[in-house]
Amino acid sequence: MKYSLIISVLIPIALFTGIIYNVVKLDANLVRIQATITDFKKKWAGARSDRINDFKTEEYPAVFSRSYSGISRLLGKNIRSNLFEIPVNATSADIAVSNYPLKPKQDRQVVFYVQSAEVKQISEKQNQPTYFYLKMKGDKTSSLGYYADLYAYVSKSKIGIGVIIVSLIASVIMFGYAMKDVENRSWQLNYLKVLGAIYLFIILF
């Protein structure tokens with residue numbers, strides 16, 4: 001029983017350790033890019049599907065792409081309205097599809113990051129390297145926003161939602177086995193609430 005309880009606690013710890021390790025590893029392998037953006041598009045198959053952001057630059061032929069899901073969609077800002085000379089009375093639908101004149105080059109400077117292994121790919125048109133933490137040059141940089149962006153990528157793309165769900169199920173099963181003969185249920189319920197909240201946050205993020 002004692003070992004089952006320990007395992008049930010170690011599983012989420014191991015999961016978080018894996019996520020943090022991969023975030024640190026990803027951070028160490030990112031290269032900062034500055035470029036002049038020429039277009040930005042977002043697309044998705046439906047309300048529950050991942051949203052994909054794509055953008056192009058003058059300096060590099062590749063199309064930079066990034067997928068966001070759940071709460072992390074808030075991190076992938078739509079900067080299309082920052083690129084064009086848009087009339088005051090334009091609607092969001094107009095901005096999404098209309099070809100307005102581009103702003104001057106100095107007003108379309110962006111900063112973002114790509115993995116060092118993909119730096120060579122940005123010079124080839126057919127490639128779609130993944131970008132991280134895109135922002136207009138001059139906008140305030142946030143360490144929290146930067147690492148949240150990396151966390152969102154790692155938790156979904158590197159770890160995977162399947163691994164997260166399996167670890168949750170395994171942790172609950174091991175905890176249930178350890179507590180099957182224990183009569184005091186109050187702290188058990190609190191533990192499961194905390195565990196559920198933690199995994200729910202990871203899944204939704």
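The largest pocket of this predicted model holds about 350 Å³ of space. A pocket is here an open set of points on a 1 Å grid over the protein atoms alone, with protein on both sides within 12 Å along at least five of seven lines, where a 1.4 Å probe fits. Its volume is the space filled by probe spheres set on the points, which are joined across faces, edges and corners. The lining, meaning residues with an atom within 4 Å of a point, comprises 19 residues, and L75, K77, Y133, L134 and K135 are the ones that lie nearest the centre of the pocket. By class, the lining divides into 9 nonpolar, 5 polar and 5 charged residues; Ala, Val, Leu, Ile, Met, Phe, Trp, Tyr, Cys and Pro count as nonpolar, Asp, Glu, Lys and Arg as charged, and the others, Gly among them, as polar. Strand β5 and helix α3 each supply at least two lining residues, and β5 gives the largest share, with 5 residues.

Residues are numbered from 1 along each chain as its sequence is written. Because the model is predicted, local features need pLDDT of at least 70 and side-chain atom pairs count only at pLDDT 80 or more, whereas totals for chains, interfaces and linings use all residues; side-chain values use heavy atoms, with hydrogens and water left out.

The chain contains 5 helices and 5 strands, taken as DSSP runs (H or I, at least four residues, for helices; E, at least two, for strands) and numbered from the N terminus. Read from the N terminus on, the order of the elements is α-β-β-β-α-β-β-α-α-α. Of the 205 residues in the chain, 39% are buried, where buried means under 20% relative accessible area, exposed over 50% and partly exposed in between (1.4 Å probe, protein chains only). Among contacts (heavy atoms within 4.5 Å) with a separation of 6 or more, 62% join residues 24 or more positions apart.

Apart from neighbours within four places in sequence, V154 is in contact with I19, N22, V23, L26, I159 and G160.

What does a search of the whole structure find in the way of aromatic pairs? There are 9 of them, a pair being two rings of Phe, Tyr or Trp (its six-membered ring) whose centres lie within 6.5 Å, with planes under 30 degrees apart counted as stacked, over 60 as edge-to-face and the rest as tilted. F55 and F64 are stacked, at 5.1 Å centre to centre and 20° between the planes, and both of these residues are buried. F132 and Y153, by contrast, form an edge-to-face pair with 4.9 Å centre to centre and 90° between the planes. This second pair links distant parts of the chain, with F132 in strand β5 and Y153 in helix α3, 21 residues apart. F132 has a relative accessible area of 0% and is therefore buried; Y153 is buried as well, at 14%. One aromatic cluster is formed by F55, Y60, F64, F112 and Y131.

A few individual residues round out the picture. Not counting residues up to four places away in sequence, Y153 touches L26, R66, Q115, T130, F132 and K158. The C-alpha atoms of Y153 and I19 are separated by 9.9 Å, although the two are 134 residues apart along the chain. V24 belongs to helix α1 and counts as exposed because its relative accessibility is 53%. Its C-alpha atom is separated by 9.1 Å from that of Y147, 123 residues apart along the chain. S167, placed in helix α4, is buried, with a relative accessible area of 9%. Leaving aside its neighbours within four places in sequence, S167 is in contact with I11, L15 and Y199.
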